[in-house]
Amino acid sequence: MTAETLSPTAPSEGSAEVAPLARTGAMLRFMLRRDRIRLSIWVLACGLLAMYFANAIQLIADDETELAHLAVLFNDPVGRLMTGPAFGMEQPTFERFFSAGYVLFLYILIALMSFFLMIRHTRLEEQTGRAELIRANVVGRHATLTAALLLTAGANLVVAVLVWAASGPIAGYASGGSALVAAGGLCVGLLFMGVAATTSQLSESSRGASAMAGAVLGLAYLIRMGGDMAEQGGSTLSWFSPLGWAQQTAPYVEDRWWPLLLPLGFAASLVTLGFWLSARRDVGASLVPSRMGRAAARPSLGTAAGMAGRGLQGVLRGWTIALVLAALMFGGYAQSMVDAADGLPEEIAMIMSGDDMVLGYLAYMSLFLALFVAAAGVSGVQLLRSEEVQGRAEFALSLPLSRSRWLGSHLVVLLSGLVAMLLLVGLCTAASASAALGDAGHFGGLLLGSLHQLPAVLAVVGLVVALFGWLPRAGGTVGWVLIAFSGIATNFGPLLDLPQAVLNLNPFGHLAAYPVEDPALAPILWLTGIGVTGIVVGMAGWRSREINRV
């Protein structure tokens with residue numbers, strides 16, 4: 001913030017109060033300047049993902065005849081559970097396959113961008129005290145919220161244009177359906193912008209507001225799952241999901257525009273509610289009071305490990321619930337893989353290692369879910385940086401607690417949680433696959449297959465911890481880039497024919513695809529050594545640098 005951007009301007013004599021929208025333009029310019037890099041990454045990521053989704057299927061299948069063999073993956077009840085109502089999958093085309101199988105995940109990313117952006121510029125500003133400093137200038141009560149809404153709506157509009165360009169002119173799909181896909185993403189983004197405008201008024205912390213908005217998104221996905229699984233094209237239950245409204249437009253099949261009136265109407269209502277609620281609370285306060293804590297703390301909170309467990313509890317719990325649900329779904333999809341095995345294109349079979357398609361699929365799922373376990377590890381290390389930036393680490397270290405013990409306790413809790421996460425993911429995948437196939441013979445192998453990914457997870461966490469110790473500002477960014485790269489290399493490396501030198505940068509690409517292949521000792525030792533070395537290096541850096549100065 002600069003003095004020039006928000007310089008105080010005294011109200012004219014006789015004016016009773018500052019206009020509610022005074023200096024909205026200045027606030028919008030300030031937000032754009034502050035978020036120019038972060039926002040650009042979000043927008044470009046959405047656009048590039050749309051471009052990849054729209055073109056990838058044309059690389060996987062040579063013609064629409066091969067698509068008919070793949071259609072069972074989305075048209076099956078379990079497939080609809082994961083991806084949507086499967087409009088047009090009885091006569092699949094490339095554009096229908098794109099809409100039925102991939103657009104939902106693009107919409108979820110747009111929704112995340114929208115509510116994170118809104119909460120960052122509203123509730124987080126109040127939580128850190130910056131909003132109160134800004135309001136000390138002649139800034140209207142609704143200026144910040146209005147500017148955040150304009151910024152988020154503008155970002156969604158740019159994303160919609162990129163999605164249309166990626167699916168229409170670039171991929172060569174029908175212009176009407178491509179415009180409908182883009183409009184669906186815009187409406188989903190505006191809806192969750194409104195959700196965040198409301199949750200920002202309800203919670204006194206950005207984490208709480210994000211959790212509420214994320215819960216709405218998760219509930220929308222769960223409702224859509226039940227509705228779409230029941231019937232192709234969706235059932236009555238599908239119409240109770242905000243994600244379902246966008247998918248019920250049936251792009252490239254029926255091209256219905258009227259379902260978009262539902263998310264637009266709810267978005268307008270939620271934005272109005274956000275303005276109304278913001279006028280009924282003080283700056284920094286919330287409408288939902290914080291829950292009172294215990295009169296006396298648990299004895300465990302008097303220990304370093306207890307404090308670490310309390311801080312990491314939310315991160316580990318949230319990721320575990322999401323991954324357990326995903327593991328149950330993916331394991332239940334095993335029978336569909338059996339049904340589709342003979343007709344799968346060679347490019348898809350390349351991803352599933354080995355001659356046994358079922359075991360290859362389940363080994364691939366173990367690896368795929370382990371990527372998200374590693375993402376949970378990156379989130380956990382980022383939380384340590386948040387503890388440092390917000391001053392809580394400094395308060396903890398004012399006690400008779402060494403730096404090594406503080407960081408070590410957090411890492412022990414985090415790594416223990418990641419091991420438990422892999423164990424639960426393996427159990428749930430094995431249990432649901434055994435139930436779907438009617439055969440429990442692979443139960444133990446699938447459980448060990450999930451735990452087999454632990455060295456790669458440890459290597460990712462070790463790298464991020466090393467950066468936390470020496471270059472903490474870069475740790476989160478490098479960690480998420482590594483996760484994204486590993487996901488692309490794991491899922492699409494064989495299809496994209498990436499050079500081996502590039503594939504070797506993927507920690508998850510070195511481990512054997514157990515239970516299809518026998519474990520190799522050398523990669524396990526190398527990845528474990530990288531992880532342990534990274535943790536040791538990070539501990540050394542943490543002990544030697546100033547807190548919150550790098």
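Me: In which helix does Leu422 lie?
Reply: The model is predicted, so local features need pLDDT of at least 70 and side-chain atom pairs count only at pLDDT 80 or more, while totals for chains, interfaces and linings use all residues. Residues are numbered from 1 along each chain as its sequence is written, and side-chain values use heavy atoms, with hydrogens and water left out. Helices are DSSP runs of H or I with at least four residues, numbered from the N terminus, and on that basis Leu422 lies in helix H19 (residues 403-437).

Me: Is Leu422 buried or exposed?
Reply: Burial is judged with a 1.4 Å probe on protein chains only, where buried means under 20% relative accessible area, exposed over 50%, and partly exposed in between. The relative accessible area of Leu422 is 1%, so this residue is buried.

Me: Which residues is Leu422 in contact with, leaving aside its neighbours within four places in sequence?
Reply: Contact means heavy atoms within 4.5 Å. With the neighbours within four places in sequence left aside, the contacts of Leu422 are Ala370, Val373, Ser450, Leu451 and Leu454.

Me: Where does Ser366 lie, and which residues is it in contact with, leaving aside neighbours within four places in sequence?
Reply: Ser366 lies in helix H17, and with a relative accessible area of 6% it is buried. Apart from neighbours within four places in sequence, Ser366 is in contact with Leu446, Gly449, Ser450 and Gln453.

Me: Is Tyr252 buried or exposed?
Reply: Tyr252 sits in the loop between H12 and helix H13 (261-278), and its phi is near 70°, a positive value in a residue other than glycine. At a relative accessibility of 6%, Tyr252 counts as buried.

Me: What is the volume of the largest cavity, and how many charged residues are in its lining?
Reply: On a 1 Å grid over the protein atoms alone, a cavity is a set of points where a 1.4 Å probe fits but cannot get out, and lining residues have an atom within 4 Å of a point; grid points are joined across faces, edges and corners, and a volume is the space filled by probe spheres set on the points. The largest cavity holds about 200 Å³, and its lining includes Glu126, Arg135, Arg141, Arg281 and Asp282. With Asp, Glu, Lys and Arg counted as charged, Ala, Val, Leu, Ile, Met, Phe, Trp, Tyr, Cys and Pro as nonpolar, and the others, Gly among them, as polar, the lining has 3 nonpolar, 4 polar and 5 charged residues.

Conventions
1 Å grid on protein atoms, 1.4 Å probe; cavity = no way out; pocket = protein on both sides within 12 Å on 5 of 7 lines; lining within 4 Å. Helix = DSSP H or I, 4+ residues; strand = E, 2+ residues; numbered from the N terminus.
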